[in-house]
Amino acid sequence: MDVARLKQSWSLVAAHGDQVPLYFYSTLFLSHPETRQMFPTNMAGQRDRLVTALAHIVTNVDQVDRLVGFLQDLGADHRKFAVRPEHYPAVGEALVATLQHFLGEQWTEELAQDWTAAYGLVSKVMIDAAQAAEAVNPPWWVAEIVAHERRAFDVAVLTLRPQYLLPFTPGQSIGVSHPAVRSWRYYSPANAPRADGTLELHVRAAPGGVVSSRLVYGCAVGDQVHLAAPVGDRLTLWPAGSSDLLLLAGGTGWAPVKALVEQVAAEGSRRRVDLYVSARSRSEFYDTDAIDKLASSFPWLTVTYVVGVDFQRPGEMVHAVDRALADGDWRSRHVYVCGSDEMVGYSVQALTRAGYHAGQVHHEGFGKHWYGPAWRSAVDAAAPDNSGGAR
């Protein structure tokens with residue numbers, strides 16, 4: 001297998017942009033129509049993921065350790081789409097056909113052998129990882145909605161009860177899907193683990209978001225949803241040790257931050273926690289009762305609300321990070337930031353300029369639509385890690 005030849009051929013194919021995944025999926029669905037039901041109706045996001053994943057695999061094909069971990073995550077994660085070993089040959093055939101189509105006269109027997117061998121290794125690692133994961137976690141958990149509260153036109157707070165215990169750490173994210181859609185969206189539970197195993201989700205309906213819109217507008221108590229295994233450790237407390245904390249939350253980014261506050265309370269630690277919760281207007285603070293209850297219950301917690309829009313200063317936006325930096329010097333603390341990509345990106349840049357080092361500033365990383373652990377790895381490899389994570 002000639003690594004240089006693989007990379008060069010992929011660069012030529014990738015230059016065709018969106019036409020590549022369009023041709024690939026058209027080929028796959030025409031030759032194996034049974035695979036269509038495994039994918040969402042709207043394939044736009046899926047096409048982006050294919051190109052990003054392939055680019056990551058080819059770019060790191062000569063870095064075995066890094067690539068194997070990525071593929072193992074990808075294989076285990078794909079169980080929730082009901083991917084089975086017999087599906088991999090169909091994908092391999094469509095991939096080779098796509099490469100041959102776009103390379104045209106530059107497609108050779110040697111390239112065919114290289115790509116076939118490379119895909120054989122990739123599929124073996126993914127299949128083995130999926131089979132190993134079966135001994136640890138199910139492909140998904142079934143959970144019942146036991147409470148559904150609309151807190152704003154586009155925001156709902158849901159309480160879910162999984163049929164079986166779903167272990168997670170505050171700050172992690174859990175895949176959520178509705179049986180009526182073939183898409184997954186990752187949300188961070190807004191609570192530390194509870195004795196009854198229930199999970200609280202804060203969901204904002206995103207424009208065009210089939211999962212978020214279904215959860216906000218199309219669900220009721222008694223409905224069932226599917227949950228995937230928890231992933232991620234960037235927002236967990238373990239990197240902070242026993243340090244005091246500065247927490248910056250925007251919008252429904254308050255959810256994982258709320259879980260962190262509950263974890264600090266459960267640990268009974270003596271750390272100080274200063275929390276800044278921001279929204280564009282006062283009416284968009286959708287969980288103030290819970291926030292105020294936490295603030296009144298724990299003397300180590302200080303809460304500051306930040307309203308982004310000041311009608312006396314039109315055109316200016318007040319950011320939680322700016323208010324926090326104006327209030328004090330927090331450089332002895334670990335800082336956790338969660339909100340929209342824009343909010344987190346702005347906050348990280350402001351903290352960096354103020355002298356905070358990367359190891360003390362924690363956020364999920366780039367990407368509004370976190371597909372899963374492997375997808376996040378590929379996106380992080382392709383883009384600077386300074387744009388934040390969205391809830």
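**Notebook: helix packing and aromatic contacts**

I started with two helices: the axes of α1 (residues 3–14) and α5 (residues 88–103) come within 9 Å of each other and cross at roughly 75°. I therefore log α1 as roughly perpendicular to α5. The scale is: under 35 degrees roughly parallel, over 145 roughly antiparallel, 65 to 115 roughly perpendicular, the rest oblique. Axes are lines fitted to C-alpha atoms, for helices over the stretch in contact, with angles from 0 to 180 degrees between N-to-C directions.

This is a predicted model, where local features need pLDDT of at least 70, side-chain atom pairs need pLDDT 80 or more, and totals for chains, interfaces and linings use all residues. Residues are numbered from 1 along each chain as its sequence is written, and side-chain values use heavy atoms, without hydrogens or water. Helices (H or I, at least four residues) and strands (E, at least two) are DSSP runs numbered from the N terminus.

Which residues of α1 and α5 meet? I found S9, W10, L12 and V13 on α1 against L99, F102 and L103 on α5. Contact here means heavy atoms within 4.5 Å. The residues of this contact are six nonpolar, one polar and no charged. Ala, Val, Leu, Ile, Met, Phe, Trp, Tyr, Cys and Pro count as nonpolar, Asp, Glu, Lys and Arg as charged, the others, Gly among them, as polar.

Next I looked up aromatic pairs and found seven. Rings of Phe, Tyr and Trp (its six-membered ring) pair with centres within 6.5 Å; planes under 30 degrees apart are stacked, over 60 edge-to-face, the rest tilted.

I checked F153 and Y217: their ring centres are 5.7 Å apart and the planes stand at 50°, so I note a tilted pair. F153 is in the loop between β1 (141–152) and β2 (155–162), Y217 in helix α7 (residues 210–217), so the pair ties together parts 64 residues apart in sequence. F153 is exposed at 65% relative accessibility. Y217 is partly exposed at 39%. The cut-offs are under 20% for buried and over 50% for exposed, with partly exposed in between (1.4 Å probe, protein chains only).

F285 and Y305 came next: 5.1 Å between ring centres and planes at 75°, so edge-to-face. F285 is in the loop between β8 (273–279) and α9 (288–297), Y305 in strand β9 (residues 301–307), 20 residues apart. F285 is buried at 13%. Y305 is partly exposed at 27%.

I also saw F24, Y25 and F29 linked into a cluster by ring pairs.

Last, I looked for charges over rings (NZ of Lys or CZ of Arg within 6 Å of the ring centre and within 35 degrees of the ring normal). K80 lies over the face of W184, 5.6 Å from the ring centre. R185 has its charged end over the ring of Y187, 5.2 Å from the centre.
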